[in-house]
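Here is a short briefing on helix packing and aromatic pairs. Please look over the model before reading on.

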Amino acid sequence: MDTSSSPPKKNLPLGLFCAAFLSITNGSMLGPIKYAPIEAQGISFVVSFGVGVLAVTPLFAVIYFVVVTKQPPNWNVQKLLLPGLGCGLGWNIGNVASIYATTYLGYTVGFPLSQCAILVGGFWGIFLFKEITGFKRVGLFVLGALILVTGAVLLGLFGRQT
């Protein structure tokens, strides 16, 4: 199976399981920061966070290529290096911002507000990848986006009492 040219097969149960697992792990991602000494919280935490990513990513890659595809990866460094570095850079900048948001606004306000990134991903899906088409479907996404933004505004206004 050449994964570089064929799209992945649709698997709704597996996709929903992975989305739920992502929600649990991503939603808990910054919990350990509270166990770090106060002087190691904030931007200092990014270094240990990065070491954790560096340790776990190759493990999951090996599992994926051994168990799922049963073949070695096609590295294709010439085509994938710059896009991959760009994605990693953007992702880590977002993580640094979410750490600061959580540090300064608290976990109950800062981290949920950082999850409004779902809007950006949704708009990428609509306009760049054409994953959602049609007036009714895009309208439903926009309605959900308005609800999310309303919740974010209310959370920002009333979420943290000092």
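By what distance along the helix are tyrosine 100 and tyrosine 104 separated in helix 3? They are four residues apart, so about one helical turn separates them. This is a predicted model, where local features need pLDDT of at least 70, side-chain atom pairs count only at pLDDT 80 or more, and totals for chains, interfaces and linings use all residues. Residues are numbered from 1 along each chain as its sequence is written, and side-chain values use heavy atoms, without hydrogens and water.

**Aromatic pairs**
- The whole structure holds seven aromatic pairs (ring centres within 6.5 Å; planes under 30 degrees apart are stacked, over 60 edge-to-face, the rest tilted).
- Tyrosine 64 and phenylalanine 65 pair edge-to-face, with centres 5.1 Å apart and planes at 75°.
- Tyrosine 100 and tyrosine 104 are stacked, at 5.6 Å centre to centre and 10° between the planes.
- Ring pairs join Phe123, Phe127 and Phe141 in a cluster.

**Accessibility**
- Tyrosine 104 is exposed at 59% relative accessibility, while tyrosine 100 is partly exposed at 29% (buried is under 20%, exposed over 50%, partly exposed in between; 1.4 Å probe, protein chains only).
- Tyrosine 64 is partly exposed at 37%, and phenylalanine 65 is partly exposed at 24%.

**Helix 2 and helix 3**
- Phe45, Val46, Phe49 and Val53 in helix 2 contact Trp91, Asn92, Asn95, Val96 and Ile99 in helix 3 (heavy atoms within 4.5 Å).
- The axes of helix 2 (residues 45-68) and helix 3 (residues 77-105) come within 11 Å and cross at roughly 135° (lines fitted to C-alpha atoms over the stretch in contact; angles run from 0 to 180 degrees between N-to-C directions).

Methods
Helix = DSSP H or I, 4+ residues; strand = E, 2+ residues; numbered from the N terminus. Phe/Tyr/Trp six-rings, centres within 6.5 Å; stacked < 30°, edge-to-face > 60°.
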